[in-house]
Amino acid sequence: MLELINIHKSFNNNEVLKGVNIKVKKGDVIVILGPSGSGKTTLLRCINFLERADKGEIIFDDLHVNVRTASAADISKIRKKTAFVFQSFNLFNNKTALENVTEGLIVARKVPKAEATEIAKKALSKVGLSDRENYYPSKLSGGQQQRVAISRAIAVNPDVILFDEPTSALDPELTGEVLSVMKQLAREGVTMVVVTHEMSFAREVANHIVFMADGVVVEEGPPDEIFTNPREERTKQFLSRILPPVDDYVI
Amino acid sequence: MELDIKFMIDTFFLALTGVPVTLSITAAALLISAPVAFFMAISKIYNIKILKQIITAYVSFIRGTPVVLQILIIYSLLPSLFNTIIRSAGWNINVFDINPIIYAYIVFSINTSASLSEIFRSALLTVNKGQLEAALSIGMSPVQAYTRIIIPQALVSAIPNICNLTINLVKGTSLAFMMTVKEVTAIAKIAASYGYNYIEAYLDILIVYIILCSLIQLLFSMLEKHFGSYRKLTGAAQKTV
């Protein structure tokens, strides 16, 4: 469904992505792990052109774009098939929770107001926030804001939802709130690409792990493989705190 | 020192008749310069090559010269300039019949657009970049993102600055009397010149401007409360849970 081929991206003279390939199938829950600065967030933002990659191709169903020559129309098409959940929530501060969710439907997709409101109410009840529909973001807690952000993403029914460290700004309780919503979405078959440090989420919910470091994909595979027996040394080093201890046989 | 109270009261109401003129110059300046200033702010933020340099030079020049001087130059230059243009175009209009208030509109629009562009620019920069990213990610076009999300938030944070600008503009229009525009200051001064009651006239002018500016401050404070209601209150205003 979605494929990124040979993506390169530099900021000034700093090459952050050095040729990354990613394949996403419908229903996948892909978790991208890696140390800070490895390019995970940049890769995610290249998918919906929040950053424009320097080189490479993006294939999205029947849409085939070269990132350098992608037109505004192509970018708009891609953005209408994806949704992004940010680490800092980025809810529209001057709109209520309900309006935040209907905005993308009414303005970007020309859905009539009544229908959009209904979809929005359903999305908000899915994340458990029906009683907060008319609250402004400034009156919501971090976990509530992120859940509104998630319902904003699911309301537009995208082909894939991109999550950029969705729980990094939240305390453990609020993190739990948000993760359980994401687990529910995964169970329902929503395609997700998640950059996160939440290892337990990656283990339980992902069906494919991609480990990145220094701008390249070091290793990828199913969670049981990566988390119990990674092949690469860099992966072992990163996961050292959670891998099962290697027995030390000394004679 | 005796104050002619009767004169003061009469002149006060006479000066009030100049308030519509003052307000019309203020309103015209704000309305004309708003879109121009916004365009200039966006050009600077998005770093549009040649435009940015021209705008920076323009703003710097306008802000660096006294309004008094701008008025004198425009009032000396423009009528003759218009005359030449109209003569060569063959129209039969007498330039010197033009209501001098037009020149006031021009001068104050030019002046306001420079300051207002910087106010808009700083206001737009206060809005978190993430707001724009979220709007784009959800499929909105840049124009939609700006008009529905960014600008409303930017304007609310610009209200105190715009209030400042408006008050200064209202006070600045008192200089329009140099162009023979019959606004508050001009009317009061003319009335004073009959009997040399200058001090009374000056006090009247002061009172009129204080009332006018206080009303403007009140208006903006109400605007800020209404449009900024979505914001989080900080400090003492927050109720403790």
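This is a predicted model: local features need pLDDT of at least 70, side-chain atom pairs count only at pLDDT 80 or more; totals for chains, interfaces and linings use all residues.
Residues are numbered from 1 along each chain as its sequence is written, and chains are lettered from A and ligands numbered from 1 in the order in which they are written. Local features need pLDDT of at least 70, side-chain atom pairs count only at pLDDT 80 or more, totals for chains, interfaces and linings use all residues, and side-chain values use heavy atoms, with hydrogens and water left out.

**View 1. The fold of chain B.** Chain B has 9 helices and 0 strands; helices (H or I, at least four residues) and strands (E, at least two) are DSSP runs, numbered from the N terminus. Along the sequence the pattern reads α-α-α-α-α-α-α-α-α. The C-alpha trace of chain B spans about 70 × 60 × 30 Å along its principal axes.

**View 2. Helices H6 and H7 of chain B.** H6(B) (residues 129–137) packs against H7(B) (residues 142–172) at an angle of about 145°, and their axes lie 9 Å apart. Axes are lines fitted to C-alpha atoms, for helices over the stretch in contact, and angles run from 0 to 180 degrees between N-to-C directions. In this pair, Gln131(B), Leu132(B), Ala135(B) and Leu136(B) of H6(B) meet Pro142(B), Ala145(B), Tyr146(B), Ile149(B), Ile150(B) and Gln153(B) of H7(B) (contact means heavy atoms within 4.5 Å). By class, the residues of this contact are 8 nonpolar, 2 polar and no charged; Ala, Val, Leu, Ile, Met, Phe, Trp, Tyr, Cys and Pro count as nonpolar, Asp, Glu, Lys and Arg as charged, and the others, Gly among them, as polar.

**View 3. Helices H3 and H5 of chain A.** H3(A) (residues 97–109) and H5(A) (residues 142–155) pack at an angle of about 25°, with axes 8 Å apart. The two are therefore roughly parallel to each other (angles under 35 degrees count as roughly parallel, over 145 as roughly antiparallel, 65 to 115 as roughly perpendicular and the rest as oblique). From H3(A), Ala97(A), Asn100(A), Val101(A) and Leu105(A) meet Val148(A), Ser151(A), Arg152(A) and Ala155(A) of H5(A). This contact has 5 nonpolar, 2 polar and 1 charged residues.

**View 4. The interface between chains B and A.** Chain B gives 18 residues to the contact and chain A gives 26. About 2,000 Å² is buried between the chains, with 54% of it from carbon and sulfur atoms; buried area is the accessible area (1.4 Å probe) that two parts lose on being put together, summed over both. Ser137(B), Ile138(B) and Tyr230(B) supply 32% of the area that chain B buries against chain A, more than any other three residues. There are 2 salt bridges between the chains (a side-chain nitrogen of Lys or Arg within 4 Å of a carboxyl oxygen of Asp or Glu). One salt bridge joins the side chains of Arg148(B) and Glu103(A), at 2.4 Å from N to O.
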